[in-house]
Amino acid sequence: MVPRTGSTPVPMGFGIVPADGTVVRPGGRAVVGGDPPGVLHLSSEEAEALAGLWDGRVETVEQGLVARRLINAGCAHPRPPAPPERSRTAVVIPVFGRVDDLDRLLRALGDPGNVGTIDEVVVVDDVSPDPEAVAETAARHGATLVVRSENGGPAASRNSGFAACAGKVDFVAFVDTDCVPGPGWLPPLLAHFADPEVGAVAPRILPVATGDPLLAAYSVSRFPMDMGETEALVRTGTRIGVLPTCTMVVRCSAVDGVPFDGGLRCGEDVDAVWRLVDAGWSVRYAPDVRVSHTEPVSWRTYMSRRFHYGRASGPLAVRHPDRISAVMLRPGPTAAALALTALSPAAAGAVLGAAVLGLSDRLRREGVPESVAEVVTAKPVGAAMIGMGRALIRLGFPVLPLVLVGRAGRGRRLAVLGALAVAPALRDWLALRPPVDPVRWTLVGLADDLIHGAGMWSGAIRERTAAPLLPRLSGQRSGDGVLIRSGRSRK
């Protein structure tokens with residue numbers, strides 16, 4: 001990716017809206033919120049600039065600078081000027097078979113609501129079983145056809161399509177054949193590129209499932225590509241650390257050579273997003289645009305995909321060793337969770353109480369309500385237990401027999417391990433309320449995690465790395481819960 005250094009003001013004409021949970025303290029000198037939660041201190045000039053920004057648009061450099069700080073901290077979301085400027089855009093579609101899906105996608109792109117926003121559609125045939133059918137379908141819809149001589153997978157195919165567009169367009173939208181964008185999907189995504197720091201934007205991906213009722217209900221409810229209804233700046237360690245590239249728009253000038261690692265057959269989307277962010281570009285998630293995604297119709301296909309996704313953790317760990325782990329844990333909440341799993345509520349209460357009291361004192365000195373401490377410290381205890389339970393099933397199954405060696409305390413160990421094992425699935429069932437009874441949901445969830453974990457073990461062994469199999473402790477947050485971000489000055 002092309003490195004981008006420094007930070008520029010948010011351009012004139014942009015607006016900002018507060019993110020959920022953002023609170024401006026009286027006097028405007030401190031903003032509480034963000035992702036991760038924190039306290040953003042503002043100088044007097046910044047506070048004055050912000051006061052006129054919430055209900056208006058960026059009109060001065062000072063406003064643009066404070067808007068950038070709030071957006072980068074996750075305290076605010078941008079509102080691009082509308083309508084977006086007209087730019088040349090191509091759509092690249094990697095294809096391996098699935099001619100009917102290709103025809104459906106090309107028809108969607110040719111909808112009258114999309115006419116005038118797409119300058120070229122490039123179909124890349126990755127050595128399909130029926131190349132004549134792919135060629136005929138592309139020609140019928142007026143798409144440019146690129147034929148690869150060797151099957152290389154989605155990453156290599158997208159790179160071939162990107163190369164075919166090089167120098168001709170400003171933006172490339174990568175869309176897979178199992179996706180169907182609706183009319184008018186592209187302009188709202190392109191609008192974000194009015195900000196020169198934005199390197200890529202992706203819409204919300206929503207599942208469409210048919211076939212077995214249990215599989216349909218489960219795959220829709222646990223769909224891994226749906227990042228939710230809240231927009232975000234994509235960064236490691238936040239609510240949205242990665243985005244799928246089954247539909248994503250990329251700024252061509254942000255790419256040096258090819259956008260994807262052609263050596264990856266899975267996980268190439270994670271790698272590409274991380275490399276863009278590492279190069280200094282902003283990657284945004286824009287859920288106001290929705291794209292449907294066709295889900296597998298058989299359990300065999302679904303579980304094969306889950307194994308494939310898990311296997312990607314090995315190659316990704318080699319390329320990004322500081323980002324891949326079995327589970328990310330924070331010291332305070334994890335200590336409390338471990339005390340609970342050891343059937344010691346008193347110890348868990350003591351650990352959690354100390355963390356809350358210490359953090360409350362820190363926040364009180366910063367002028368933040370004590371209630372914030374309870375939210376950002378107590379909630380992660382449950383999240384830590386869920387993470388431990390999921391890691392236990394995905395990665396601990398090869399060594400579980402060793403934990404049960406010896407009769408002393410075996411019953412208690414079995415009870416604890418059983419509770420941890422079913423906790424993630426039951427938490428999801430309670431949160432999602434799918435049209436499936438909790439027993440079948442939990443059994444399918446356990447099988448899903450086992451298959452995914454088997455893929456993680458396979459990828460780790462193949463790449464000779466233990467990183468995907470080990471937990472990682474996060475100690476980056478002050479007070480183990482809240483970041484304190486300073487302003488440029490304290491006038």
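A charge sits over a ring if NZ of Lys or CZ of Arg is within 6 Å of the ring centre and within 35 degrees of the ring normal. Arg-158 lies over the face of Phe-260 in this way, at 5.0 Å from the ring centre. The model is predicted: local features need pLDDT of at least 70, side-chain atom pairs count only at pLDDT 80 or more, and totals for chains, interfaces and linings use all residues. Residues are numbered from 1 along each chain as its sequence is written, and side-chain values use heavy atoms, with hydrogens and water left out.

**Charge over a ring**
- The charged end of Arg-4 sits over the ring of Trp-281, 5.3 Å from its centre.

**Aromatic pairs**
- Rings of Phe, Tyr and Trp (its six-membered ring) pair if their centres lie within 6.5 Å; planes under 30 degrees apart count as stacked, over 60 as edge-to-face and the rest as tilted.
- The count comes to six aromatic pairs.
- Phe-162 and Phe-174 have ring centres 6.4 Å apart and planes at 25°, so they are stacked.
- Phe-162 lies in helix 5 (residues 153–165) and Phe-174 in strand 9 (residues 171–175), so the pair ties together parts 12 residues apart in sequence.
- Helices (H or I, at least four residues) and strands (E, at least two) are DSSP runs, numbered from the N terminus.
- Phe-174 is buried, with a relative accessible area of 0%; buried means under 20%, exposed over 50%, partly exposed in between (1.4 Å probe, protein chains only).
- Tyr-218, Trp-299, Tyr-302 and Trp-441 form one aromatic cluster.

**Helix 16**
- Trp-441 is among the buried residues of helix 16.
- Arg-464 follows helix 16 with a positive phi, near 55°.
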